There are 4 protein chains.
Amino acid sequence: MKTAVIGASGYAGGELLRLLAVHPHFQVTAISAHSNAGELVTSVHPHLTTHNGEKFLAVSEIDFSDIELVFIALPHGESASLIAKIPSTTKIVDLGADYRLEDASAWEKYYGGVHAGAWVYGLPELSAGQRQAIAKESKIANPGCYATAITLGIAPAVNHVDVSDVVVVAASGTTGAGRSAKINLIASEVMGSLTSYKFGGVHQHTPEIEQAVSAIAKKPVKISFTPILAPMPRGILATITAKLNKPMNSKEAHDLFTKHYAGEYFVDVLPLSQMPKTGGVTGSNKVQMQVAVDEHTNRLVISVALDNLGKGAASQAIQNANIITGFHEGSGLSTDGLGA
Amino acid sequence: MKTAVIGASGYAGGELLRLLAVHPHFQVTAISAHSNAGELVTSVHPHLTTHNGEKFLAVSEIDFSDIELVFIALPHGESASLIAKIPSTTKIVDLGADYRLEDASAWEKYYGGVHAGAWVYGLPELSAGQRQAIAKESKIANPGCYATAITLGIAPAVNHVDVSDVVVVAASGTTGAGRSAKINLIASEVMGSLTSYKFGGVHQHTPEIEQAVSAIAKKPVKISFTPILAPMPRGILATITAKLNKPMNSKEAHDLFTKHYAGEYFVDVLPLSQMPKTGGVTGSNKVQMQVAVDEHTNRLVISVALDNLGKGAASQAIQNANIITGFHEGSGLSTDGLGA
Amino acid sequence: MKTAVIGASGYAGGELLRLLAVHPHFQVTAISAHSNAGELVTSVHPHLTTHNGEKFLAVSEIDFSDIELVFIALPHGESASLIAKIPSTTKIVDLGADYRLEDASAWEKYYGGVHAGAWVYGLPELSAGQRQAIAKESKIANPGCYATAITLGIAPAVNHVDVSDVVVVAASGTTGAGRSAKINLIASEVMGSLTSYKFGGVHQHTPEIEQAVSAIAKKPVKISFTPILAPMPRGILATITAKLNKPMNSKEAHDLFTKHYAGEYFVDVLPLSQMPKTGGVTGSNKVQMQVAVDEHTNRLVISVALDNLGKGAASQAIQNANIITGFHEGSGLSTDGLGA
Amino acid sequence: MKTAVIGASGYAGGELLRLLAVHPHFQVTAISAHSNAGELVTSVHPHLTTHNGEKFLAVSEIDFSDIELVFIALPHGESASLIAKIPSTTKIVDLGADYRLEDASAWEKYYGGVHAGAWVYGLPELSAGQRQAIAKESKIANPGCYATAITLGIAPAVNHVDVSDVVVVAASGTTGAGRSAKINLIASEVMGSLTSYKFGGVHQHTPEIEQAVSAIAKKPVKISFTPILAPMPRGILATITAKLNKPMNSKEAHDLFTKHYAGEYFVDVLPLSQMPKTGGVTGSNKVQMQVAVDEHTNRLVISVALDNLGKGAASQAIQNANIITGFHEGSGLSTDGLGA
């Protein structure tokens with residue numbers, strides 16, 4: 001299946017190319033990156049030796065009539081004008097935020113500019129209905145990295161905790177901040193140091209999480225979210241806590257979570273003695289989580305790890321593409337992380 | 001002033017020696033480490049070239065009648081038997097947990113074994129009364145690293161938030177886990193990865209924090225605390241959040257915190273646009289913090305950074321020693337971190 | 001093809017399992033680790049979720065008559081007694097050193113103990129003859145990680161430099177030091193720091209490199225090798241330099257190397273402006289190199305990067321297994337590294 | 001003594017301010033950074049809380065008639081025009097390269113532009129004569145970071161090795177590359193990865209090293225130098241090797257080096273069993289080294305560690321300033337590194 005990757009010069013775009021190189025069904029025939037058009041793919045991504053000698057195209061150079069599947073990894077606000085150039089029957093997975101929010105006012109508040117619309121949210125493990133809804137579509141809004149971790153972490157608990165006051169502290173590796181030459185991202189500033197950002201509840205992933213969790217909780221959900229930049233290239237570790245509606249012990253909570261994700265191939269609720277670790281999911285499409293009850297405060301505490309470029313972006317996009325094209329949902333995706 | 005460091009083979013002990021080497025008043029005349037007695041100090045701490053050629057002593061080799069000040073950095077449960085060998089008038093700062101808790105039952109629950117007793121808690125910035133209480137004593141229980149960060153972070157807010165439900169997620173560098181040959185601490189397992197530990201509310205610093213904060217709040221305080229191991233050698237970044245009793249905006253919260261610590265030399269409430277960063281306090285006795293109101297959830301959010309071996313252990317111990325010996329509180333201590 | 005991995009609890013063994021999980025032809029049916037027998041594979045390698053629920057076997061529990069291919073990743077000196085238990089027709093790739101050296105006295109000097117013998121050296125890119133020799137065998141001695149980087153780096157130049165005086169400084173990530181609970185390997189000691197080890201020419205990889213390079217140089221080769229431990233989990237960066245026999249410029253050197261590896265799938269001589277980077281080959285079977293002439297000193301300088309667990313161990317072992325079993329040499333192996 | 005720091009926004013400038021904050025004799029009364037003039041010092045260096053509330057000045061705002069000591073940390077080529085504005089009797093230590101090279105043609109080849117001249121080279125440990133020469137001057141050219149490590153490493157051996165062919169591979173932390181927003185320096189590209197740069201003998205520190213070592217060898221010295229960027233903020237580890245003129249064993253080499261630096265306060269030749277480690281000298285003015293003979297190749301091998309911002313820049317500048325102002329050479333300087 002002929003496939004295009006648009007916006008391939010960033011980290012998510014690079015990870016898409018890395019994963020698609022070994023995908024059994026999707027064949028990348030067009031790679032675009034606006035500001036790098038004409039440059040070698042390996043000048044930006046030297047690790048992608050599969051594409052030795054190939055160049056980034058300008059979008060205008062791509063004949064979309066020949067493309068069956070498009071992955072878009074553009075900065076927010078840029079998808080709509082691109083999509084206008086693509087035949088309406090082409091299957092599209094947008095890794096950006098443009099089509100994630102149903103509420104135009106939330107879009108305008110958190111992102112600014114015109115709301116492009118809403119596509120089905122590509123989080124297959126959110127509920128049985130969600131996977132079915134994805135399967136029927138040809139256009140999917142791929143979730144954000146934090147949103148994937150947090151939504152999947154809280155989902156099994158929505159009927160057991162006070163969802164109007166969910167506290168989340170989540171740390172991300174630096175690729176989550178993009179491939180961007182900024183002083184605060186240079187290695188000298190980041191290595192050996194932790195710092196918070198978008199402090200005080202203003203992270204743009206918040207409405208996306210609240211929308212997704214509210215849909216399954218069937219009531220309004222409120223998240224207090226504090227993101228942290230961690231000295232590692234990849235990975236998100238989210239700690240989620242909420243008051244229990246009625247007492248439960250850790251064993252019961254663990255059973256609840258284990259059952260909830262029993263059939264899921266890409267979500268592991270770990271054995272009770274084991275904690276999720278971001279290094280364990282690097283490069284894979286896995287989410288690993290653990291849950292416990294802090295009986296001292298009657299709070300459920302959930303720890304979730306994923307690769308922000310994997311299940312948080314590129315491999316989840318491929319999972320969605322697998323679903324909408326009718327291939328096996330796990331085609332070309334790894335369940336084993338790099339480990340170390 | 002002749003000074004002994006007992007338990008000097010760990011990271012806190014090493015940092016004590018590093019700082020005391022440039023202290024204008026305290027002269028280290030005895031360095032002890034039980035299991036390393038007879039070995040060169042530099043065989044364990046090659047960076048401490050001030051002590052080139054010197055050896056660790058056994059405690060039994062130290063003539064305590066000749067020592068005026070003792071720093072103890074032993075594993076918990078070992079201080080009492082040592083203290084029995086030290087003249088009762090000798091000034092002591094214990095970096096361990098043995099004398100921190102007033103409640104014997106809390107000690108038994110979290111640490112096990114016999115409760116040694118309670119000394120004045122060496123957190124001078126906790127309140128004006130606390131600094132005065134310290135100044136009158138000759139024996140000080142130095143706070144834990146997490147406890148220092150969290151207690152100082154929440155202290156200005158105790159009358160403004162629901163202290164019965166304070167949520168804390170705090171990440172520590174690996175020296176916080178000790179100088180110990182364990183598989184889960186080797187670099188291959190830690191670098192590039194985040195993981196939580198002591199999950200579900202069982203961290204032994206919890207009662208210490210609750211005791212200190214309750215004392216100033218004048219009501220029972222409950223903390224839900226989730227610790228994280230971060231891929232960096234030093235530093236703690238604590239994120240603290242609690243429901244506001246009545247609405248407040250970020251500017252008001254910032255003013256509240258700024259006024260609270262206005263006279264403090266070692267605690268910085270940063271300008272509103274700036275976030276604390278652990279690398280900024282490495283090697284110093286500083287605590288840096290920022291505060292904001294997440295109006296979306298009516299929560300106060302506080303971010304606090306310190307060096308777990310500095311203000312979280314060794315330099316705070318020296319600050320306490322400065323106070324109880326009558327020297328300037330900041331003698332020999334740095335306010336500027338390493339930065340990068 | 002039924003496959004066993006013996007010694008699977010170390011990092012190389014874990015990487016073998018990770019790669020074999022997606023191999024199209026080799027099916028892992030027995031996983032052994034002596035001291036972990038009876039434990040879950042995921043208790044040691046939590047990232048290997050493919051093996052959720054499976055346990056390490058003792059070697060004595062494996063029916064080798066049912067196994068067609070064996071990978072051995074044991075500490076040196078342990079292979080021979082294992083091999084005695086395996087039918088002589090079974091195909092074996094030994095990732096350890098036991099069968100690498102032809103010279104028994106070199107074995108005794110560098111490793112100690114009895115020399116087990118010599119198998120064909122599994123470095124297919126060493127020469128056309130080497131690949132053919134491998135293809136004819138059923139037992140292969142897989143090269144060491146440093147040896148692979150250094151041998152492939154110097155090979156194209158053997159007729160152009162003074163091979164009696166090759167200087168090598170090579171840095172390795174910490175997984176190269178094994179999965180071992182030692183103080184000098186804990187993250188607090190390693191992160192943010194570089195240090196040399198096995199200093200003064202005593203690294204056991206030296207005779208292996210000299211043997212391999214001498215074979216193609218057709219004269220005795222001497223290597224001065226200084227290894228360095230680097231603060232990263234994976235990767236080797238080797239810098240190799242030797243005096244040119246007669247002047248050559250960087251362009252000519254680059255042409256020489258490019259032609260030498262022209263047909264090789266897993267060795268890249270990078271474009272002149274680009275330097276190898278260990279992160280670019282993480283998780284892949286690639287070697288990337290660059291070469292230049294330092295005209296100031298008439299020295300050829302070669303920089304080589306590979307993943308010590310990939311082309312330096314597990315993926316090269318699979319490449320060898322692919323050759324001796326007659327599958328495509330690149331089956332199940334990636335050419336694209338993780339990148340970041 | 002009233003002191004100015006010019007070019008204080010970079011890492012070396014920041015480290016100067018950090019160290020000068022605790023210097024007993026030098027009082028910083030003017031801090032300049034051209035492009036940051038008018039901004040808070042802490043907006044660039046949040047860790048320098050000693051300077052809370054102070055702003056960077058433009059050079060034009062400084063009254064140099066009031067300043068007794070000037071540290072210059074400007075990019076190369078900018079010192080001469082600044083110095084024209086400073087009274088000729090003012091003491092100056094220039095951390096930049098402008099006055100290091102005696103040979104105008106070498107300057108033009110490696111740096112380009114007009115050669116400003118040559119000042120006495122501020123490497124006190126180079127020889128007894130060098131320290132005396134420094135003491136007589138009021139203007140000092142402070143050595144480069146690599147040059148300090150390599151020159152001090154090779155100096156004891158100049159009469160024992162072939163100085164016409166010295167091979168050096170040295171790795172630096174990222175602060176050595178400056179505080180500059182470049183893609184190749186962002187943490188995502190650097191963490192977990194090693195890469196070489198300025199490959200093929202073109203590093204501008206080479207002539208500086210050759211000049212300094214030739215002066216003590218009393219014959220022409222040639223260095224083949226390959227620099228590497230390492231995933232750590234600070235530190236240089238240099239590996240130096242050269243052919244021995246006549247055989248020597250490691251013990252003899254160690255004695256030679258130990259005697260050579262016997263009287264030096266800031267240079268440690270470590271005990272034979274111990275290797276230098278960059279983390280051990282972080283934040284200090286120390287150089288630590290080890291030496292061995294690789295008898296296999298008749299090569300002397302030297303391993304040297306220092307902090308590129310410490311003895312490689314800022315603390316060495318202060319050491320030079322101490323000498324030219326007549327204070328104790330070690331005033332305000334630490335001999336103990338951070339360790340971890």
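Two strands are taken to pair if DSSP finds at least two bridges between them. The structure described here is a predicted model, and this rule is applied to its chain B, where six strands form an open sheet in the order 2-1-3-4-6-5 with parallel pairing. Strand 2 (27–32) and strand 5 (120–121) of chain B stand at the edges of this sheet, and each has a single partner strand, so one side of each is left without a neighbour in the sheet.

Strand 1 (residues 2–6) of chain B is joined to strand 2 of chain B by five bridges, and the two strands run parallel. Within this pairing, Lys2(B) has Gln27(B) of strand 2 as its bridge partner. Strand 1 of chain B is also joined to strand 3 of chain B, in this case by four bridges and again in parallel. Strands 3 and 4 (residues 91–94) of chain B pair in the parallel sense over four bridges. The side chains of strand 3 (residues 69–72) of chain B are divided between two directions: Leu69(B) and Phe71(B) point one way, Val70(B) and Ile72(B) point the other way, and all are buried.

Aromatic contacts were examined next. A pair of aromatic rings is described by the distance of the centres and the angle of the planes. Rings with centres within 6.5 Å count as a pair, and by this rule there are 22 aromatic pairs over all chains. In chain A, the ring centres of Phe26(A) and Phe327(A) are 5.8 Å apart and the planes meet at 70°, so this pair is edge-to-face. Phe26(A) belongs to the loop between helix 1 (11–20) and strand 2 (27–32) of chain A, while Phe327(A) belongs to the segment after helix 10 (310–325) of chain A; the pair therefore ties together parts that are 301 residues apart in sequence. Phe26(A) is buried, at 3% relative accessible area, whereas Phe327(A) is partly exposed, at 28%.

In chain D, Phe26(D) and Phe71(D) also form an edge-to-face pair, with 6.5 Å from centre to centre and 65° between the planes. Phe26(D) lies in the loop between helix 1 (11–20) and strand 2 (27–32) of chain D, and Phe71(D) lies in strand 3 (residues 69–72) of chain D, so the pair links parts that are 45 residues apart in sequence. Phe26(D) is buried, with a relative accessible area of 3%, and Phe71(D) is buried as well, at 0%. In chain C, ring pairs link Phe26(C), Phe71(C) and Phe327(C) into a cluster.

Helix 9 (residues 250–260) of chain A has Ala253(A), His254(A) and Phe257(A) as its buried residues. Seen down the helix axis, these residues fall within an arc of 100°, so they line one face of helix 9 of chain A. An α-helix has 3.6 residues a turn, so residues three or four places apart point the same way. Elements covering the buried residues of helix 9 of chain A include helix 6 (145–154), strand 11 (267–269), strand 12 (287–294) and strand 13 (299–306) of chain A. The N-terminal end of this helix is capped by Asn249(A), which has a side-chain oxygen 3.1 Å from the backbone nitrogen of Lys251(A).

How values were computed:
Residues numbered from 1 in each chain as written. Chains lettered and ligands numbered in written order. Predicted model: local features only at pLDDT ≥ 70, side-chain atom pairs only at ≥ 80, totals over all residues. Heavy atoms only, no water. Phe/Tyr/Trp six-rings, centres within 6.5 Å; stacked < 30°, edge-to-face > 60°. Buried < 20%, exposed > 50% of the residue type's maximum accessible area, 1.4 Å probe, protein only. Arc of directions from axis to C-beta. Contact = heavy atoms within 4.5 Å. Polar contact = N/O pair within 3.5 Å; in protein donor to acceptor, adjacent residues only side chain to side chain.
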